[in-house]
Amino acid sequence: MKILKLITGTLLVFALMVISFSCANQKKENGLKKVTVAHWGHSKILIYLPLYVAMDGGFFKKNGLEVNIKYSGNDDQVYATVLSGSAQFGVGDPAFTVIAGERGGKGKIIATLVGRLANWGVAKKGKFINNITNYSELTGLRISSFPFPSTTYTVLKEIIKQNNLSNVKIIQTPFGNELALLQRGDVDLAMMLEPNASIAVSQGNVVVFDLAKLFGPYLLTGVTCSDKFINENPKTVNKFYTAIDEAIKFSHSNPDSTIKIAQMNFPDVKKNIIKNAVNRMVADKVIPESAKIDSVAFQNLIKTRIIAGDISSKTNPMKYIWNKKK
């Protein structure tokens, strides 16, 4: 029995040495630091395109990083994954950094990924004579929304309340079901993300309500990180930010290459639809011009969540913003 234990122990030590040697060689070969990104939902989403551009356009690699995506569910789960250390960075609603912070969660928002409300109101052709350019024109409409407590739902409720709109009905529906509601005539206006909005347009519908333009800057999606990782790995955080910023700027200056990367990540969507969707996101600044967190966009996010009751009005939200080290 003692001999068996000795042999087993020796084999275990040898195995660990082999694994250690293998990992060391792998690290030496590519010279890249591996990090994991907790990603909202269970699959890629087009409005997160700068992340995929950073990956497939070589911007992470250029900055010495190898990035792996970990699909983590809802926004609160994304941030919980970051705080637990199972992922070093998170991509989702940055409001949860503040919401969790009020309960003791220690982390920061380090970058902007989506800089506007990425919702476009789609209607059947002929339903509206002109595009909706004023919130008052929403009166009497049935509007689809992703379920509470989604940002779409929260913002629509805020618009209705702040503008004293009457007889506006919000129809909550799961993501992906918006077009079906519109086709059945259950809603007058279907709020859609891309590429769903462009898919709906390709089927004869029209975009009549551009929330990104009308509402203005809004920090819809950010990159988050725990204070622990920031303090222990400041250079890695700087590199991640730089890669995202470079990818964002590339998206604006190299539309053809950006569209190709989008097609590669969404192979089931037709080329012309991807092109229209990407061009719309760039034109409306849903893809921001920089990864830097815009103070107006951040304050608009916080205001929405205070109205919804998710964040206390006494909270100082600015303490949750990370500042890039030079």
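Good morning. The model is predicted, so local features need pLDDT of at least 70 and side-chain atom pairs count only at pLDDT 80 or more, whereas totals for chains, interfaces and linings use all residues. Residues are numbered from 1 along each chain as its sequence is written, and side-chain values use heavy atoms, with hydrogens and water left out.

I begin with the strands. Helices (H or I, at least four residues) and strands (E, at least two) are DSSP runs, numbered from the N terminus. Two strands pair if DSSP finds at least two bridges between them. Strand β1, residues 33-40, is joined to strand β2, residues 65-73, by eight bridges, and the two run parallel. Three bridges join β1 to β3, also in parallel. Ala38 has Lys70 as its bridge partner in β2, and in β3 it stands opposite Gly90.

An open sheet of three strands has antiparallel pairing and the order β8-β5-β9. Its edge strands, each pairing on one side only, are β8 (190-192) and β9 (206-210). From one strand to the next, the twist averages 40 degrees. Strand β5, residues 120-123, is linked to β8 by three bridges, and Gly121 has Met191 as its bridge partner in β8.

I turn to helix packing. Two packed helices are described by the angle between their axes and the distance between the axes. Here axes are lines fitted to C-alpha atoms, for helices over the stretch in contact, and angles run from 0 to 180 degrees between N-to-C directions. Angles under 35 degrees count as roughly parallel, over 145 as roughly antiparallel, 65 to 115 as roughly perpendicular and the rest as oblique. Contact means heavy atoms within 4.5 Å. For residue classes, Ala, Val, Leu, Ile, Met, Phe, Trp, Tyr, Cys and Pro count as nonpolar, Asp, Glu, Lys and Arg as charged, and the others, Gly among them, as polar.

Helix α2 (residues 49-56) packs on helix α11 (residues 234-253) at about 105 degrees, with the axes 8 Å apart; the two are therefore roughly perpendicular. Pro50, Leu51, Val53 and Ala54 of α2 meet residues of α11 that include Ile244, Ile248 and Phe250. This contact of α2 with α11 has nine nonpolar residues, one polar and no charged.

For helix α6 (residues 151-162) and helix α14 (residues 295-308), the angle is about 80 degrees and the axes lie 10 Å apart. These helices, too, are therefore roughly perpendicular to each other. Among the residues in contact are Thr154 and Glu158 of α6, with Lys303 and Arg305 of α14. By class, the contact of α6 with α14 has three nonpolar, four polar and three charged residues.

On a 1 Å grid over the protein atoms alone, a cavity is a set of points where a 1.4 Å probe fits but cannot get out, and a pocket is an open set with protein on both sides within 12 Å along at least five of seven lines; lining residues have an atom within 4 Å of a point. Grid points are joined across faces, edges and corners, and a volume is the space filled by probe spheres set on the points.

The structure holds one cavity of 30 Å³ or more, and the largest cavity has a volume of about 50 Å³. Its lining includes Asp75, Gly90 and Phe96.

The largest pocket has a volume of about 810 Å³. Of its 34 lining residues, Trp40, Asp75, Phe146, Ser150 and Leu193 lie nearest its centre. The pocket lining divides into 15 nonpolar, 13 polar and six charged residues.
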